[in-house]
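Keep the 3D view open as you read.

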Amino acid sequence: LAVGSVTGYGFPDCEGGPLASNAVCNTALDPITRATALVKLFTVPELINNTVNTSPGVPRLGLPAYQWWSEALHGVANSPGVNFSTSGEFSYATSFPQPILMGAAFDDELIKSVGSIVGMEGRAFNNYGRAGLDFWTPNINPFKDPRWGRGQETPGEDPYHISQYVYNLVVGLQGGLDPEPYYQVVSTCKHFAGYDLEDWDGTVRYGFNAVITSQDLVEYYLPSFQSCYRDAKVGAAMCSYNAVNGVPSCADTYLLQDILRDFYGFAQDRWLHSLDAVENIYSPHNYATPQQAVADALKAGTDLDCGNFYAEWLPIAYNESLITETDLRTALVHQYASLVRLGYFDPEDQQPYRTYNWSSINTPPARQFAYQAAVEGIVLLKNDGTLPLSSSINNIALIGPWANATTQMQGNYFGVAPYLISPVMGAMDNGYNVTYVLGTNITSNDTSGFAAAVAAAKEADAVIYAGGIDLTVEAEALDRYTITWPGNQLDLIVELQAIGKPLVVVQFSGGQLDDSVLKGNASVNALVWAGYPGQSGGKAIFDILSGKVAPAGRLPITQYPGSYVNGIPMTDMNIRPSSTSPGRTYIWYTDMPVYEFGYGEHYTTFSYKWAQAPATSYSIHALVDGGKHATYLDVAPFATLAVNVTNAGNRTSDYVSLLFASGTYGNAPYPNKVLVSYARSHSIAPGTTATAELPITLGSLARADTNGNFWLYPGTYELALDTSGVLTSKFELTGSAVRLTSFPQNTMTS
C-alpha cells in the first residue's frame, strides 16, 4: 500500500463531487454520523492507507490527501505539514518565546491570547494550502529533571501551573472551550504519559520503561493531561514513546481507554496518534511482533501512526485476523469526525475562519504579545542595585555567545520569524553605544577570544555578559549530564569581573544552570534568566536592563546545585524522596536549591495584606455538598482569597501572587508545599494597590492515596503567599476525609 505524500491541501467538493449526496456533506447532522457515513464508503485498503499522517485520501470519492502533522509550539513551525514560502505572503509567522519562558510569566490570559494568535495564523496558513488544521502542540510533560533536553518546550515543573497553562493555551488555539460549530484549529496534548527522557546513560526514550506509582501518576504526571483532555477538551492526543509500567504507551489499553477515553471523557470526535511510537512497540521495546504491535496499538486506541508502520503491517495484521474492519473504521471515524468539526466538508461562505489570510499574520497585537510574553517571563535572580542601569551608562560591552543571537532565541520547534531582535539590536535601540565581542562559544576550549572581550570591557561603562546554553547542549534527543555552566564561559566571566566595571550576567537556557558561583560573587552585580525569548527577545531584555519596564517573572522550575545529577538517575520516576533520592521538584526536594521554584526579584518593593481575613475553619462535608453542582468534584471551589498588593517603591511593576499550601494532612511523607493558586497583577504604580484574586479548588488541597484516588483530608492547612511566605493564614478542615475522585485501576498485568 503506497502512502501518498502531501504537497498542499484541498477541501472535498460537497456540492458537485462524488460525496455531495453522502451524509458527510449534510451540515445538519452531528460529526460522528457524518464521519461514519464517509468512512463506510472506504474499502479495507483505503482504510489502511489513511491510518498514517500522510493520508492520501480516497481519490475515487473526491476525498483529498491530508497531512495530519503540523507543528506550532510557540508559533507556526517548520514541520511536514507546514510550508513557508521563500518570500512574500506566508514567508513567516509570529515567533513567541519558548513555553518555559512564557510559563515564567504566570499569566493565564497572556497564554490564552498567544494560543488564539497561533491558532489564527495556523488557520490562515491552511486557507492558502500551507499548513494542516491539526497542530501537534503543546508539550505538557512536567519538567521534573533539569537534564531533560526538551524541558524548554514545557511551561515548567509544577502540575497545577502546567494545568492552568495548557487549559488557557488550548482554549485559545481551538477558538474556545469545545467550540461550536467549528474549531479554529485542533491542538494535540503530548506525550501521554510519563515522558521526560531522551537519551541518558544508554537509555533512550523509544525503549524506556517508566516505572511510576499510581500515586505519582495522578499527583504529578497526569494533572496537566487531565486539564487538557477532560477540562479544555482538546481535539487530539499523542501517546508517548516510552512504556509505562511495562506496556508501551501506544499499546496501553489502560492509558488510552480506561483513563483517556473513559475517565477523562475523551469523546469519539477526538483522535489519538503516535509519532513513530507504534514501531517502537516492536523495537526497541520488544513487546510484540510487528503485526501484533500494530494490532495492539490500533485496538488500544492509537488511531493514526505518524510513520509507515501501520501502512506496512496492518494489511498483514488484517489478513491474520489480529484486527477487524470495525477496528479500522473506528479509528478513521475519530479522525474524520474531527475534520468535520474543523469545517473541512462545509461551505466556505459559512465559516469565518476561512476568511483568514496573509493580513492575519504578525498583526500588531501578535507583535505586542510576542514582546510582552518575553518581558513578562524574564526573571531577575540577583541585583545589588546595578539594575536598572544608571542613566550615566552610555557605553556597553556586550559579550558572549548569546550577545548577537537571532534564531538561537527561538529554541526548538520554530518557524520562520518575521524578524529577530538580537540583544545587540536591543541594546542599540535603547540608545547605548555597543561594542559586541563574542569572547567564547557555548562550549569551547578556545580562549583566544578572551583578550578582545576584556579589552572591550575595560573601555565600557558597563559589561553585559550574554551566555548560557542552547540547542547544542539541550534539545530533542539530547539530554544533559551536567547542569553547571560551561567552564569556558565561567572562565571568561572571571576575567570580566576582575575589571571592576558593573557586570550583569544574562543567562539563556531552557533547563536551569547552577548559578552558585555567580550568586555568591559580589563582583557579579546582577543576574537575569531570559530562557529562549523569541522574535523580540533582545528588545525585551534591554527594555528590562535599562528600566523601561520592570521584571516580574518567576522561575517555573527549581534551580538545583550541580551535585543534584549525582543524587538521582534520570530513569528514576519517583517524585518522593527516599534513601536513594533527594526528591524531585520544589514539592519534594529535601536539599537546598540554588534558586527555588517561583523565585524572582523586582525593581521595587511591595507590601501585602489580605483583602478580607480568610476563614479559619471549614467543614469538609459542607464543601463537598456545595461542590455537587460542579462537573467534577476536584474542580469544585474551596474559596477565593484576595490579596491587596501595594507598590511601596518608586517603579511601576507587575507582581505575581503565588499561593502555596502546606501541612501534615493525609498520609506521610508530606510535601514541602504545593502551589494552589496564582495571579499576575499588571502595572502597579508606586503608591497604588492591586487586588489579586486567588481561587482555590478542592482538588488543589487534595492528596492522592496509593491507588491514585484523591481525598480531601481533615487537618491544619497553612497558606503562604510567595516563596518566602510574606503573608500566611491557617485554617482547619473538619470532619471525615472524603474521596473526590475514583481513579481507574489497572486490572491488566504486563
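Which residue in β23 is the bridge partner of Val-656? It's Arg-680. Before going further, note that this is a predicted model, where local features need pLDDT of at least 70 and side-chain atom pairs count only at pLDDT 80 or more, while totals for chains, interfaces and linings use all residues. Residues are numbered from 1 along each chain as its sequence is written, and side-chain values use heavy atoms, leaving out hydrogens and water.

**Sheets**

Strand β22 (residues 653–662) runs antiparallel to β23, and 8 bridges link the two. Strands here are DSSP runs (E, at least two residues) and helices likewise (H or I, at least four), numbered from the N terminus. Two strands pair if DSSP finds at least two bridges between them.

β22 and β23 belong to an open sheet of 5 strands, ordered β20-β28-β27-β22-β23, with mixed pairing. Its edges are β20 (617–619) and β23 (674–684), each pairing on one side only. Ignoring direction, neighbouring strands in this sheet are turned by 20° against each other on average.

There's also an open sheet of 3 strands, in the order β19-β21-β24, with antiparallel pairing. β19 (606–610) and β24 (689–697) each have a single partner strand, so one side of each has no neighbour in the sheet. The twist averages 25° from one strand to the next. β19 and strand β21 (residues 637–647) are joined by 5 bridges, and Phe-606 has Asn-647 in β21 as its bridge partner.

**Helix pairs**

Axes are lines fitted to C-alpha atoms, for helices over the stretch in contact, and angles run from 0 to 180 degrees between N-to-C directions.

| Helix pair | Axes come within | Crossing angle |
|---|---|---|
| α1 (residues 31–39) and α12 (residues 325–341) | 8 Å | roughly 125° |
| α6 (residues 214–221) and α7 (residues 223–231) | 5 Å | roughly 60° |

α6 is therefore oblique to α7; angles under 35 degrees count as roughly parallel, over 145 as roughly antiparallel, 65 to 115 as roughly perpendicular and the rest as oblique. Leu-217, Val-218, Glu-219, Tyr-220 and Tyr-221 of α6 make contact (heavy atoms within 4.5 Å) with Pro-223, Ser-224 and Phe-225 of α7.

α1 and α12 are oblique to each other as well. Among the residues meeting there are Ile-32 and Leu-38 in α1, and Leu-332 and Tyr-336 in α12.
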